[in-house]
Amino acid sequence: MNHKSIDNILSPALIERRSANLYRSRRTSESPQAAQVIVDGKKYTSFCSNDYLGLANHPEVISAFQNAANYFGVGSGASHLVAGHSSEHHALEEELAEFTGRDRALLFSTGYMANIGAITALVGQGDAIFEDRLNHASLLDGGLLSGARFQRFLHNDLKNLQNRLDKTEAERKLIVVDGVFSMDGDCAPLDELAVLAQKNNAWLMVDDAHGFGCLGSSGGGSAEYFKLTQESLPILMGTLGKSFGTFGAFIAGSETLIETLIQFSRSYIYTTAMPPAIAAATRKSLQLLQSENWRRDHLNLLISHFRAGTKQLGIQLSNSVSPIQPIMIGDEARTLAVAEQLAQRGLLIIAIRPPTVPVGSSRLRVTFSAEHSIAQVDQLLNALGDILGDAAHA
Ligand SMILES: Cc1ncc(COP(=O)(O)O)c(C=O)c1O
C-alpha cells in the first residue's frame, strides 16, 4: 500500500501558497511596543502596531500589572464560572459598563472568542445573520459557526443589506459590522445602520476593536462618535489588545444580553479567565485612555499630516479618519517588494495579502500611534515618495 506521510500530504498547500506570494512568516520582536522597535535584530521605526494610544508600555499600566501579579499571582487558575473570576475582573467589567454607558460588560479572553461566542449564543438554525463582506475574520467565523442563514452584504452598502433583509422570514435577524474596518480604516455608517436595524426589527452588533480609544471625545469609540445608546446599538464589542494596550476583549449591553452570554456563550464558559493582573492593568489603561486626551489629539495630528503628505505625493488613500491608513498596491509580489524597500530604509510596515483582504487588493497597512513624532511621519512620507512617487504619478 502506498502510505503517504502527513508531511507529504500537507506540503503541496505550502508550496502553492509560497508560489502565489501568499506565504506568511513571523518576525521576532526584541523590544517593547514603541515607535522604535528591534525586530529580528534590526532597528526600525514601526508603523504596524495596533497600540494606537501608546499605552502598551506605559509605566503606570506596567506597575498596575506588577502590583496585581504580586498579589494574585500570574494565572487565573480556572474559567470565570469555576474559580477564575477575580475582584479585578469584576471591577473592570463594572468600569467598562460605565465607560460604554451600558448596563453591564462581560470580559472574554480574546476578541476572536468574544465574537464567535456572542454570535453563536445569539443566533442559530432558523435565524439569519447579515455581515459586511469586509468584516473581521472572527465575525465571519462566528456567523458560519452559528448555523444561522449567513449572508454577506456589499461593503457599507445599506441598499444591498435592505434587499437581503426584505427576503428573510427569520424571526431573529442579526446585523454585524466592524465599527472601524480593520484592514481599510473606514467607518461603518452606524447612525444609518442603527435606524435600518430598528426598522427591520433586527439586532445590531458592532465590533469596535479599532474604534475604542481613537474615536469619540473621551475615547468611547464608534458608539460615542455616533451617539448610539444601548437601545440602538444593543451588542457592543471591544478588544483590549489595541488602544487599551493590554489583552482580551469585552461585550457590553443589557443585563439580559450579558446573562445570556454567561449562560450560553461557549467560548466564555469553556476557557480559562484572563490573568487578573491583565484586568488590573486594563483598569489603569481605561483611566488613561479617557483622561489623557492629548494622545488622541496627537494621533489625529499625525493622521492629518500623513494624509496631507500622501495627497501631495499623489498617493491615494482610503476614506479613513482612523489610525489605519492603508496604501493600496494590488498585486501581492509588488506589495511585498515595496514593504521590503521600506524595511531597507528602516521602516517596518506589513504587506497585507489575501485571504486577509480580497484578491487583488494587497496593501501596506500603515498604522499610527500617539508615540510617533511628526518627524517619523515625514521619514515615512519621504520613503514613500521615493519608492511610490513615480508610480503614483504615472
Ligand atoms: C476587528 C477585529 N475584531 C476582533 C479581533 C480579534 O481580537 P483579539 O486579537 O483580541 O483576538 C481583531 C484583531 O485582533 C480585530 O481587528
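The structure is a predicted model, in which local features require pLDDT of at least 70 and side-chain atom pairs count only at pLDDT 80 or more, while totals for chains, interfaces and linings use all residues. Residues are numbered from 1 along each chain as its sequence is written, and side-chain values use heavy atoms, with hydrogens and water left out.

Helix α8 spans residues 190–199; helices are DSSP runs of H or I of at least four residues, strands are E runs of at least two, and both are numbered from the N terminus. Within α8, L190, L193, A194, L196 and A197 are buried (under 20% relative accessible area, with exposed meaning over 50% and partly exposed in between; 1.4 Å probe, protein chains only). These residues lie on the same side of α8, because they cover an arc of only 165 degrees around the axis, the arc being that of the directions from the helix axis to the C-beta atoms. An α-helix has 3.6 residues a turn, so residues three or four places apart point the same way. V195 and K199, on the other side of α8, are exposed. The buried residues of α8 pack against α7 (158–166), β6 (173–178), β7 and α9, contact being defined as heavy atoms within 4.5 Å.

Strand β4 (residues 128–132) contains E131. This residue is buried but has no salt bridge, and R152, the nearest side chain of opposite charge, is 6.9 Å away. A salt bridge requires a side-chain nitrogen of Lys or Arg within 4 Å of a carboxyl oxygen of Asp or Glu; Lys and Arg count as positive and Asp and Glu as negative, whereas His and the chain ends are not counted. Beyond its neighbours within four places in sequence, E131 is in contact with several residues, including I119, L139, F150, R152 and V176.

Aromatic pairs were assigned to rings of Phe, Tyr and Trp (its six-membered ring) with centres within 6.5 Å; planes under 30 degrees apart count as stacked, over 60 as edge-to-face and the rest as tilted. The count comes to nine aromatic pairs. The F212 and F250 pair is tilted, because the ring centres are 5.4 Å apart and the planes stand at 55 degrees. This pair links distant parts of the chain, with F212 in the loop between β7 (203–207) and α9 (221–225) and F250 in strand β9 (residues 249–253), 38 residues apart. F212 is buried, at a relative accessible area of 1%, and F250 is buried at 0%. Ring pairs link F99, F212, F244 and F250 into a cluster.
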